[in-house]
Amino acid sequence: EGIHMRRLAKILTLAALMTALIAPAALADSDEVAMVSVQHGINGNAAGAKLLGDPMALGKDAAVDIYVNDGLFYEDFTFRQQIGPVELAADEYNIKVKVAGTDITIIDQDVTVSGGDNVKLVASFGKGGAPELKVKKG
């Protein structure tokens, strides 16, 4: 029963956070909002090896917490999980991805979304080997 209560609390927290982000956008017209989804594509073993020097430190499905403009947006986001799409006001956002429950920042990146965009943000390793958010518009 404890697992179900935690899952319910997580769902309610996500709903409240999404409502806080969506509420201003809901008042704007559709040309001033974007549909945004986020996918966790950072294998924890690779992240552990690159960030901590130990591939087993985080575990393959390492969970991360996602912050938008320094506010917690989603916690315990696991490898290959996807959230969204959510409606966001067209604007620039600072996105931080941290190892769940820690201050270890994996990604700290500004992302601009334009009105009418359909955007997928994929956390993954870039060509240089550093974690990044790839912005896929479509």
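**View 1. Leu88 sits in strand S4, which covers residues 82-89.** This is a predicted model, so keep that in mind for every close-up here. Is Leu88 buried or exposed? Leu88 comes out as buried, because its relative accessible area is 10% and the cut-off for buried is under 20%.

**View 2. One aromatic pair turns up in the model.** The pair is Tyr74 with Phe77, and the arrangement is edge-to-face. The ring centres are 5.5 Å apart, with 80 degrees between the planes. Those are the two numbers to check, since a pair of aromatic rings is described by the distance of the centres and the angle of the planes.

**View 3. Two lysines lie over ring faces, Lys50 on Phe125 and Lys98 on Tyr67.** How far is Lys50 from the ring centre of Phe125? The distance is 5.0 Å. For Lys98, the ring centre of Tyr67 is 4.8 Å away.

**View 4. Helix H2, residues 44-52, has a buried side.** Which residues of H2 are buried? They are Gly44, Ala47 and Gly48. These residues are on the same side of H2, because they cover an arc of only 100 degrees around the axis. Part of the cover over the buried residues of H2 is strand S7 (118-125).

**View 5. The two ends of H2 are worth a zoom.** At the start of H2, look at Asn43: one of its side-chain oxygens comes to within 2.8 Å of the backbone nitrogen of Asn45. After H2 comes Gly53, with a positive phi near 75 degrees.

**View 6. Zoomed out, the chain has two helices and eight strands.** In sequence order the pattern reads α-β-α-β-β-β-β-β-β-β. The chain has 138 residues, and 33% of them count as buried. Among contacts with a separation of 6 or more, 56% are between residues 24 or more positions apart. The chain exposes about 7700 Å², with carbon and sulfur atoms supplying 53% of that area.

Methods. Residues are numbered from 1 along each chain as its sequence is written. This is a predicted model: local features need pLDDT of at least 70, side-chain atom pairs count only at pLDDT 80 or more; totals for chains, interfaces and linings use all residues. Side-chain values use heavy atoms; hydrogens and water are left out. Helices (H or I, at least four residues) and strands (E, at least two) are DSSP runs, numbered from the N terminus. Buried means under 20% relative accessible area, exposed over 50%, partly exposed in between (1.4 Å probe, protein chains only). Contact means heavy atoms within 4.5 Å. Accessible areas come from the Shrake-Rupley method with a 1.4 Å probe; for residues, only the protein chains shown count as cover. Rings of Phe, Tyr and Trp (its six-membered ring) pair if their centres lie within 6.5 Å; planes under 30 degrees apart count as stacked, over 60 as edge-to-face and the rest as tilted. A charge sits over a ring if NZ of Lys or CZ of Arg is within 6 Å of the ring centre and within 35 degrees of the ring normal. The arc is that of the directions from the helix axis to the C-beta atoms. A polar contact is a pair of N or O atoms within 3.5 Å; within protein, one must be able to donate a hydrogen and the other to accept it, and residues adjacent in sequence count only if both atoms are side-chain atoms.
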